[in-house]
Amino acid sequence: MAEATPPPADAPAPATGQIGVDSWVSESGERQQRYTGPWGQVARVWDRLPPAGKLALITPAILVPFIPFVSTGNLFNYGIFILIYALLALGLNVVVGFAGLLDLGYVAFFGFGAYTYAFLSGTHSEKGHVYTHHWPAELAIPVAVVVCGVLGVFLGSTSRRLLGDYLAIVTLFFGQAFVVFTNAADPYGITNGSNGLANIDPLRFSFFGYSVTIASVRGYYWFLFGCVVLVLILLHLLSESRTGRAWKASREDPLAAELMGMPVNRLKIMAFALGAMIAGLAGTTFAAAQTGAFPQNFSTQVLILIYAVVILGGAGSLTGMLVGAAVIIASNQVLDSTSPPQLQRVLFYLALIVGFCWLFRKSWKQLVTVIVLTVGLGFAVHAIAAEWWPRGVHGAVTSGGFLTGAIKQWVLLPVDSTRIADYAYLLAIVLAVALTQLKGWWRVAIAPFLFVITVFVWENLLIVQPAVTRYVLFGALLIALMAARPQGLFGTARVEIV
Amino acid sequence: MIATPSPRLGRLGSLGGEHRHRLGSFGGLGIALVAWALYAVYFGPTQGWTFFFQLTVNGIILGSIYALIALGYSMVYGILKLLNFAHGDVYMIGSFIGFGILTLLGGALSPAIPVVLLVLIMFVAAMLGSGVLGVAIERFAYRPLRNAPRIAPLISALGVAFFLENSALLLFGAQYRNYDGYDLISYNGIHIGGVTGIFVSYLGVIVISTAVVLMVALVCLVRFTRFGKAMRAVSFDREAAAMMGIDTDRVIAKTFFAGSALAGAAGVMFGLLFSQIYYLIGFLAGLKGFTAAVVGGIGSIPGAMLGGLLVGMVESWAQGYLNGNVADLVVFGILIAFMLVRPTGLLGSPALQKV
Amino acid sequence: MLKRVGALAVIATAFAVAVSTTAWGSSKAPAKSAAATKTVNCGKVRTIGIAAPLTGPASSIGVQQLHWAQYFVKRWNKAKANKNQQIKLIQGDTQLGVDTAFAVKVANSFSSNSKVLAVVGPAGSQEVVASTKTYKGGGLAWVSGSATRTTLTDGHTDGNRIGYFFRVVPNDSVQGPTVANYMINKLKWKRVYIIDDQETYSQGLADGVQKILQNKGVSVTRNSISQTASDFSSVIAKIPSNTQGVYIPWQLAPQAQAFGQQLKAAGKSSIKLFGSDGLFSPDWKIGGSYDSFFPVNTNDPVVKAFANAHGGDGQYFGAPSYVAAQVEANAITSACKAGHGKTSRAAVRKLIAKTKLKSSILGFGVSFSKGGDLKGGGFGVYQIQSNGSFKRIG
């Protein structure tokens, strides 16, 4: 899908899908391309940094902006969720990125950790059984983590007999079975069915007489921050260690790794267990922050979000997990119904403009033409509609804010827009797909139409239901990422050895 | 059959491994089924042969829908070695297309044209629509990833599934739509064994017969036509088939069309039979159809049909003999256990690793 | 070597940072929120939040609640007397059935928005439980039109929210006996099959009805289906043909419609269905079925005007949200008057607790008990006529 830029004549041609060529070699052409121009200098400095340095730069840049100047509501919505998903992504990274196993039931471990902690930290009564445990966090959290580890071993042991796709299927069932287990089956009332386990204690640590209770949002934020840093360090050390190298080897070619003496089965189980334990840790803190654990918190949508984070960041790269979590969860929250529509608008239009500029980055002339044509087309369509179809322009702008005037002038806003917005949505998809297939000045011809229709669909359909729109966008993001840049932002391009 | 015979066995295959493999699995399955039937009828919570057979018939009806979905999964897997998670959502779109046609032509209570014609148009439209959607998905989401690592098309498939589900939510809304299939066709049916015997509604008969017709058509397509031969060739070895002059891209696109068309038909059948459709049915049915394909042996067409029937029957029995709360869990448990015991399914061939 | 030292240095610093920030973050006592007593300028426009499932599987009920609340606000703002005391609604999508975390997120965003003086919703009982701490921390009162789990107001079973949580509908402990007694006394059923949909609301009601029926010697069998199920054929096959009625306290009317059709198709059309307030919708039109719902007076001009404005669709499930918004608007207006243009969330809460409405569109007056439950209020029994409309019969 991405335009292939011809490598310089003296560089070896990039290899894709050839037998026996590894990614470092295949990237050499790309590397020589990369260090030219101003961006090239930045890239060269970045590539020279040791991983610890990269981590040291990225972590504060992403997490520290959520310092006390942010309101509690935003801290909860953005900060805590970004950190939780960063933790989850780091755990999934171990399974998918390091060991190369596709685990589609990962969210079940998240749930187990949350439910175990919730069970051990509150009073619950259901179906005639009353369970009262109020364990302090320094006992409850390790127990939850260990339980998840055991489950991870259990699930990992199925990977002995199952390869690749079959493993994906079994883990998917496991994830589904978990939801059914907590929601419907609920043996002896331990999970309290669809009511979930509520009213659990906040995190309460007591060491040597000194006791600390984390009950405020800020407290949870910093606690999670600490957890993320610790897990980052752990994973960084692991990935540089013997086990990490063994994982990477078994990911690339399990048979060769086995022959080299690496216990591939045991490595797979270890990867599952470690991933599960990290998810369990995230689960406990999530349950404590939410003061409860409910079955709907662990649905497939959460799984897709975690995968989106991992894929966007680049499976295998720790920095990528943090960046991916920040980007995905921040956009997830921005496109939520509780966020101000002005913010959503600003971000959408920015993203659209940046996207179009990037699409035409190679040619000045094309970019300028597109801009001029787009603006003109918008006004033209609006004028024509105002003349011949007055109902087309008298609709209301959904919570416009400071952009209302501009929008009213440029965008068609039909009075009852549902039907036509649906068709426009389909048309927009068709045009977007066509755009990716065409090249050169054909693109310039289609781009203005696509822009105008996208804005129309946004104003009339998407911004009315931002919570659904974001999932549509995440799905499209996954598709586009796989087609254009499967290694994500920070991953390393891999070559399939056939 | 889009099953890959193991090259290692060649012409000696009839002497060893493979057929004994198959016999074992069928034998085991047969024994398990008979044992279960006896246990359920004589010791189960609700006893009696009538109840058991009623559940079995219900299961077969449900299973034929799953079988159609499983066929799509199997065909695509056989040809591309790709688990197409988006298949369930193609099925969902098919059911919505059928609903759209139904509403356009008057609705279930006052159809504007004769019922037979209406149902026929619904099926054809849904099959065409789903087929085109399937081809489009293949073209834009999977074709660029032909040579990418195996995980890439899987993630892309997840993305497509998510995209389709939420687009449907955006365009159609979250409320359930009702086909009112029984109002359209008939509430009556066949009584086997008198009034207190087994009851099969006419709608159920229609569903089973349509499914059988479609499956027979598919088998004929694969066995007796040139295109079928090309499909089998591409599934066996894509590069060699290309070298033989087969246009692999077109063959793959047509396979997707066929598989998705079947899913679309399944969607309409589901709507007629169970009435309510909404944007999430694709996920659930996809999961079950997927299971059916795997149980039968992914990549194998007869396997998909058998797997579909089995999954339908197991689900029906579980719902009938167990409490609703644990039924789903038990079905998943059985499937996980089955996967562990026989990962390649009933009719699939043992996976060979090329060294 | 250097790399290792560097790595260790990073580890040590990071660990120190993590520990110290955790300690720092937590040593601040959880603020007994000043937001509760902080005075807010009322101004001319006062804000109420509405937390409802606007998207997701339960969106059909959430959208109904939103429409009714918006209808109330529109009528209130139109009244001349309210020219300087307008009400504004801000929405929060709790996505009931998807992820309770959304309910908590919505609670957080309302809590931290100092203009919000009270909240209508949330819709689901488990959402109420999940967001209790957040709303209490913000000092907000929240009035729900559909969270009917009985234990929400007893102050200890799943949290203490007395003085903060109110509901304008009778809870499950009222609906259950109404239904059971009607079945026993009027319908004289002796064999009843109960199916719940594995959700909180449904299970609570089903449990209550089952207990009463069994105490009176009615033979009851209990089963359940999931809200995502469409194939009821096995469950229907299990229902003995001499059953007189099936009680289905479900939330999704189209599901009940499909169930009724499949029941008829299986040849068991002599078995009658009995639903609950979640099924009071034109989507369920199996003639002869019974349903329990609030005694909404469908001839009330307010109710009629709403139905007309929405294409004949009364969307009655959302009607309690109208009353909830009404209660809150009254309380806020009185609080602002008493505080001469300034009030606080605590003051609004106290006034909500003292609400006394003689009558409402729901057919009964509104006043709250100490726990926040509606005092009085009952359910009516309706029957679906052959043209699909509901007629009150008891």
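**Domains, interface and sheet**

In chain C, 13 residues of domain 1 are in contact with 14 residues of domain 2, contact meaning that C-beta atoms placed from the backbone lie within 7 Å. This is a predicted model, in which local features need pLDDT of at least 70, side-chain atom pairs count only at pLDDT 80 or more, and totals for chains, interfaces and linings use all residues. Residues are numbered from 1 along each chain as its sequence is written, and chains are lettered from A and ligands numbered from 1 in the order in which they are written.

Domain 1 of chain C comprises 40–170 + 299–377 and domain 2 comprises 173–293, bounds that come from an automatic or database domain assignment. The C-alpha centres of these two domains of chain C are 30 Å apart.

Between chains A and B, the contact takes 45 residues from chain A and 42 residues from chain B. On the side of chain A that touches chain B, α8(A) gives the most, with 14 residues. Helices (H or I, at least four residues) and strands (E, at least two) are DSSP runs, numbered from the N terminus.

Chain C also holds an open sheet of seven strands with mixed pairing, in the order β8-β7-β9-β10-β11-β15-β16; strands pair if DSSP finds at least two bridges between them. β8 (219–224) and β16 (390–392) of chain C stand at the edges, each with a single partner strand, so one side of each lacks a neighbour in the sheet. Within the sheet, β9 (residues 245–248) and β10 (residues 272–275) of chain C pair in the parallel sense over four bridges, and C:Gly245 has C:Lys272 in β10(C) as its bridge partner.

Conventions: Two residues are in contact if their C-beta atoms, placed from the backbone, lie within 7 Å.
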